[in-house]
Amino acid sequence: MSAFTPASEVLLRHSDDFEASRILFAGDLQDDLPARLDTAASRVHTQQYHHWQVLSRLMDDRASYSLVADAAMVGDSNTLIYYWPKNKPEALFQLTNLLSLLPVGSDIFVVGENRSGVRSAEQMLEKYAPLTKIDSARRCGLYHGRLETVPVFDPESGWGEYQHEGLTIKTLPGVFSRDGLDVGSQLLLSTFTPHTKGKVLDVGCGTGVLSASLASHSPKVRLTLCDVSAPAVEASRATLAANGLEGEVIASDVFSAISGRFDMIISNPPFHDGMQTSLDAAQTLIRGAVSHLNIGGELRLVANAFLPYPRILDEAFGNHEVIAQTGRFKVYRAVHTRKPKR
């Protein structure tokens, strides 16, 4: 979160208009513009832990991280700047939440890349804050309107669930594979064997389906799950609770909030950050796994077959093997055989 994104660069073209505004920034924040833009007051609400980590260092308690914003987080804000995510149900959930907390007459700005479907904001908000496109640059659109009708927000409205092999998997907008088990996770699950024991860390846990499935046939595993996404953290907690399973679920940017060592680390790591392709999280996972595994412990992950993970695995572990594959995905296994460096 250093250089400004195209969306933020579009906002900067209108920086003079924001100097007297008390702004609440939210949505798919990808940089630190909220801490740098000249305003009367600025606050941030994000569902992404790694974004909050950066912004809270610059804004202290004016930056908040949670699934749902509340009145205390919004404070006396009279302007919303919302960065449109790539997921429409996620945008609807967040915007309904945020608009329900703002006073009538508040300025509403929505900005995002055209390919993300940002123009959907016009139809989504037409009942509450009719939007007009006021700028287009850097392949982004900027929309503005004023809040005319405050929506009613039900925090339970976003919850959904699906069944997988007798397990109830709880989901929320913005969580990976919200509508059902994805093919990559299914392939990774096919490599799990019954009666697995020891401490298992599920990185990028999403709905919690990997951990729940493993624990369903290996009740002696001790589970820790982590994700940067507040919806994923809450969904995983709900999935474990719905199936009577125990485990600790932590908000963490890969290993940023993780301590201790594990016998197995499992993951279906993302290779996007917002709309951008990014291998940063997966590389951090692979290179950092050695420091979080016991000797003889293993990292097991699934990835698109074209991604360059074999080289990174060999550099970090000195070994890897492919234990399952399809035309599109591969499941990699790497074992920590070396003593940790002193």
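Phe255 touches Leu201, Val203, Ile265, Thr284, Leu285, Gly288, Ala289 and His292, leaving out residues up to four places away in sequence. Touching, or contact, means heavy atoms within 4.5 Å. The model is predicted: local features need pLDDT of at least 70, side-chain atom pairs count only at pLDDT 80 or more, and totals for chains, interfaces and linings use all residues. Residues are numbered from 1 along each chain as its sequence is written, and side-chain values use heavy atoms, with hydrogens and water left out.

Phe255 belongs to the largest nonpolar core, which has 27 residues. A nonpolar core is a set of buried Ala, Val, Leu, Ile, Met, Phe, Trp, Tyr and Cys residues joined through side-chain atoms within 4.5 Å. Buried means under 20% relative accessible area, exposed means over 50%, and partly exposed lies in between (1.4 Å probe, protein chains only). Phe255, Ile265, Ile286, Leu299, Tyr309 and Phe317 touch the most other members of this core. Several elements each supply at least two of its residues: strand E10 (198-203), strand E13 (262-267), helix H10 (280-289), strand E16 (293-304), helix H11 (309-317) and strand E18 (329-335). Helices (H or I, at least four residues) and strands (E, at least two) are DSSP runs, numbered from the N terminus. H11 gives the most to this core, with 5 residues. A second, separate core holds 24 residues, including Leu240, Val249, Ile266 and Val302. In soluble globular proteins, nonpolar side chains tend to be buried together.

Now turn to a sheet. Its 7 strands follow the order E3-E2-E1-E4-E5-E7-E6. The sheet is open, and its pairing is mixed. Two strands pair if DSSP finds at least two bridges between them. Which strands stand at the edges? They are strand E3 (63-65) and strand E6 (132-137). Each has a single partner strand, so one side of each is left without a neighbour in the sheet. On average, neighbouring strands of this sheet are turned by 20° against each other, direction ignored. Axes here are lines fitted to C-alpha atoms, for helices over the stretch in contact, and angles run from 0 to 180 degrees between N-to-C directions. Helix H3 (residues 49-59) lies across strand E2 (41-46) and E3. H3 runs at about 155° to E3.

Follow the pairings strand by strand. Strand E4 (residues 79-83) and strand E5 (residues 107-113) pair in the parallel sense over 5 bridges. Tyr83 stands opposite Val111 in E5. E5 and E7 run antiparallel, joined by 7 bridges. There, Val110 stands opposite Tyr143 in E7. Strand E7 (residues 140-146) is mostly covered, with 6 of its 7 residues buried. E6 and E7 also pair in the antiparallel sense, over 5 bridges. Ala137 has Cys140 in E7 as its bridge partner. E6 and E7 form a hairpin with 2 residues between them. In the turn, Arg138 has a positive phi of about 50°.

Next comes Ser21, in the loop between helix H1 (6-12) and strand E1 (22-27). Is Ser21 buried or exposed? Its relative accessibility is 11%, so Ser21 counts as buried. Beyond its neighbours within four places in sequence, Ser21 is in contact with Thr39, Ala40, Ala41, Asn78 and Thr79. The C-alpha atoms of Ser21 and Ser77 are separated by 7.9 Å, although these residues are 56 residues apart along the chain.

Thr171 sits in strand E9 (residues 167-171). At 2% relative accessibility, Thr171 counts as buried. Thr171 touches Gly158, Trp159, Gly160, Glu161, Tyr162, Arg178, Thr207 and Ala235, not counting residues up to four places away in sequence. Helix H8 (residues 209-217) is mostly covered as well: 7 of its 9 residues are buried. These are Val209, Leu210, Ser211, Ala212, Ser213, Leu214 and Ala215.

Finally, step back to the whole protein. It has 11 helices and 18 strands. Its radius of gyration, taken over C-alpha atoms, is 21 Å. Buried residues make up 55% of the 342 residues. Of the contacts with a separation of 6 or more, 63% join residues 24 or more positions apart.

Technical notes
Rg over C-alpha atoms; globule rule 2.2 N^0.38 Å.
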